[in-house]
Each structure stands twice: as structure tokens, then as C-alpha cells.
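Take a walk through this protein chain, one piece at a time. Keep the sequence and the 3D view side by side as you read.

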Amino acid sequence: MGSVWAAVHETLGREVAVKFLQPQSGQTSALADRFVSEAHMVASIKHRFVVDVFDFGVTEDGLHYMVLELLHGQSLADRMDHGPPLSVKKGVRLMADCLRGLHVVHEAGIIHRDLKPDNIFIMEDADGAFPKLIDFGISRRTDPPNVKLDPVASRKSRLTLPGTVLGTPYYMSPEQLRGKQNVGRRSDVYSVGVILYELLVGRLPFRQDNVGDLMVAITVKGPPSLMSGRPDLGEELASVVRRALAPSADERYASALELRDALLQRAPRLIEEKCERRLAQCRAEFFSASVMRRVLPLFLRRFGQPAARLLDRRR
């Protein structure tokens with residue numbers, strides 16, 4: 001649908017990314033409308049955890065373009081696929097920051113509708129790793145214009161659904177899978193719940209490779225417990241993810257901020273408990289080492305020479 005190029009803003013002397021729309025035959029109008037809508041929406045948000053849009057327009061050749069900040073790092077999907085697993089502490093902090101950014105997006109009247117690891121970009125600065133929410137291509141305002149949108153391609157290793165369903169099925173809420181157009185904030189909350197589950201357990205909560213089976217699992221069966229994949233994470237954290245993944249939107253957290261608060265309240269207890277267990281283990285190891293340092297010289301003085309003579313005789 002488009003291409004992204006690294007460039008330099010000549011006036012600012014700043015590196016930027018330029019995204020060009022390359023519409024397919026027969027889809028020019030719809031894709032252009034969606035591209036312009038994405039540019040308008042993202043440009044209205046200024047937040048550390050949301051990608052910046054500096055400019056957008058149409059070239060002399062009629063190509064739509066968007067000028068964004070150039071991001072250095074990797075997507076969460078790449079980090080999960082190729083990097084070592086994130087610790088619980090780092091994973092929770094990363095998702096808490098994502099939820100802060102998502103709250104700002106929602107407050108601007110925008111529903112992302114395609115939250116997934118590919119659309120969370122991880123960057124590094126002096127304070128450590130932090131996320132950027134990207135790709136608002138199928139987002140919509142809560143008071144949207146009457147524009148018909150077409151499906152977009154999803155992550156190449158995931159399923160895509162045709163028709164009026166927009167998004168990536170593995171991360172979509174039940175109401176979004178049913179094709180409801182007026183999905184709200186709680187639909188994005190559900191998607192974050194899926195990412196949380198995948199990040200903590202190391203696999204998706206729903207792994208059916210058939211679209212029909214996947215839809216039934218998500219809309220009817222409900223998610224498996226976090227405890228089934230990671231019993232060491234404890235019931236408190238599992239309850240947070242379970243509520244975020246509730247099949248009924250009314251049973252989920254009402255906002256990204258509410259989920260963030262619950263996550264930060266429950267996770268520190270788990271992390272503290274893990275730290276206490278590790279500290280106790282280190283103390284035990286240190287005690288054993290201290291004992292050995294005291295006992296070993298006595299042992300060698302008492303038995304070292306006889307043992308050496310015995311070995312010599314056996315040779």
C-alpha cells in the first residue's frame with residue numbers, strides 16, 4: 001500500500017521518515033481518504049509514547065505523503081521474536097507506558113483498532129527503553145466522517161480477514177471480530193490484554209490457525225488463564241490480564257488508564273516477592289560459601305597430607 005523512506009528535513013536539518021501512499025488500482029479514493037485521515041489524527045497528538053507527524057500533503061505527481069519522526073530501534077514483535085525474553089518488570093513497565101500513550105490517543109477521540117506488537121516500536125534513550133505507538137492506518141475517531149474504509153494487510157505471519165473487519169484477528173476484540181464499526185476504548189484495552197498475555201507467557205492466548213475456529217475461540221470460549229502458562233506470575237497479575245481479556249466489553253477495564261493503574265498496583269507485589277525469594281536464595285548461597293571458606297582450610301590441614309599420600313600410593 002505504501003513505502004517509507006529515510007530523509008533529511010533541509011530546513012530543520014533533522015532526520016525524518018517519509019511515508020508515501022502507493023494506491024492499488026480501483027482503491028485510490030478509499031486509500032487516499034484513509035491515508036489523509038491517519039495523518040490528521042496522528043498530527044493532532046503530541047506525546048512521548050506516540051509517533052510524531054510533522055507534515056503531510058500531495059506531491060506534484062499526485063502521490064500522498066506523510067513526514068514522521070524517524071524511529072531508531074525495533075518493533076516489539078521483532079524484540080519478542082528475536083531477542084531474549086523481557087523480564088516481568090521490563091515488560092510491565094513497557095506496557096504501562098504504552099497504556100499512557102493510548103490514554104492520550106483515546107482522549108483525542110481516536111480508537112486505534114490495530115494494536116499489536118508490530119505497531120509498538122521500542123526506542124532507547126538515557127532513561128532506558130520506551131515505546132512508541134505507530135500505524136494509525138485503520139484508526140477512527142469516535143465521531144468519524146462518513147468514509148468507507150477497506151481492509152489493510154496485517155503482519156505477514158498473522159491471519160487477515162476480508163470484508164468489513166479491520167485489524168489483525170489474533171489481537172482483535174470479540175466485538176471488532178463481529179464487524180461492529182462503533183467499537184470503543186475497551187476494544188483497544190482488549191488488544192493490550194492480548195499483547196500482555198503474549199509478552200508474559202511467550203505465546204498468544206488464542207493460537208487457532210483457522211479463521212472460523214479463531215473467531216469462535218475469541219467470541220465464545222474466552223481466554224485461557226495466565227496461570228496455565230505462567231503459574232509463577234500469581235493470581236493477582238493473572239486477574240488483571242483476565243479482566244482485560246473479558247469477552248464482554250462491559251466487564252473490561254473502562255479505559256487504558258484504569259488498566260495501567262491496575263497493572264502497576266499488582267505487578268510490583270509480584271516483582272517484590274520474586275526479589276525476596278532471590279535475595280533469600282543469595283543469602284543461603286552466601287552462607288554456604290562462608291561456611292566452606294571457614295571449614296575448608298581446617299579440612300585441608302587435618303586431611304590434606306594423608307589424602308595426598310593416599311593418592312600417591314594409588315599411583
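Glycine 222 takes a positive phi of about 85 degrees. This glycine sits just after helix α6. Keep in mind that the model is predicted.

Now step back into the helix itself. Helix α6 covers residues 211-221. At its start, asparagine 210 has a side-chain oxygen within 2.9 Å of the backbone nitrogen of glycine 212. Further in, α6 has buried residues: Leu214, Ala217, Ile218 and Thr219. What covers them? The cover includes α4, residues 174-177, and α5, residues 185-201.

Pick out one of those buried residues, threonine 219. Its place is in helix α6. Threonine 219 has a relative accessible area of 17%. Buried means under 20%, so threonine 219 counts as buried. Its side chain reaches the backbone oxygen of methionine 215, at 2.5 Å. Leaving aside residues up to four places away in sequence, threonine 219 touches Pro174, Leu177 and Arg178.

Next, follow α5, one of the helices that cover α6. How does α5 lie against helix α8? Helix α8 spans residues 234-244. The two axes come within 8 Å and cross at roughly 140 degrees. The crossing is left-handed. On the α5 side, the contact is made by Val189, Tyr190, Gly193, Leu196, Tyr197 and Leu200. On the α8 side, Leu237, Val241 and Ala244 take part. By class, this contact has eight nonpolar residues, one polar residue and no charged ones.

Finally, go to strand β1, residues 2-9. Tryptophan 5 has its place there. Is tryptophan 5 buried or exposed? Its relative accessibility is 55%. Exposed means over 50%, so tryptophan 5 counts as exposed. Tryptophan 5 still has contacts. Setting aside residues up to four places away in sequence, it touches Val16, Ala17, Val18 and Phe20. Take valine 16 from that list. Tryptophan 5 and valine 16 are 11 residues apart along the chain, and their C-alpha atoms are separated by 8.4 Å. Tryptophan 5 also has a polar partner. Its side chain and that of serine 3 are joined by a polar contact of 3.2 Å.

Technical notes. Residues are numbered from 1 along each chain as its sequence is written. This is a predicted model: local features need pLDDT of at least 70, side-chain atom pairs count only at pLDDT 80 or more; totals for chains, interfaces and linings use all residues. Side-chain values use heavy atoms; hydrogens and water are left out. Buried means under 20% relative accessible area, exposed over 50%, partly exposed in between (1.4 Å probe, protein chains only). Helices (H or I, at least four residues) and strands (E, at least two) are DSSP runs, numbered from the N terminus. Contact means heavy atoms within 4.5 Å. A polar contact is a pair of N or O atoms within 3.5 Å; within protein, one must be able to donate a hydrogen and the other to accept it, and residues adjacent in sequence count only if both atoms are side-chain atoms. Axes are lines fitted to C-alpha atoms, for helices over the stretch in contact, and angles run from 0 to 180 degrees between N-to-C directions. A crossing is left-handed if the near helix is turned anticlockwise from the far one by less than a right angle, and right-handed if clockwise. Ala, Val, Leu, Ile, Met, Phe, Trp, Tyr, Cys and Pro count as nonpolar, Asp, Glu, Lys and Arg as charged, and the others, Gly among them, as polar.
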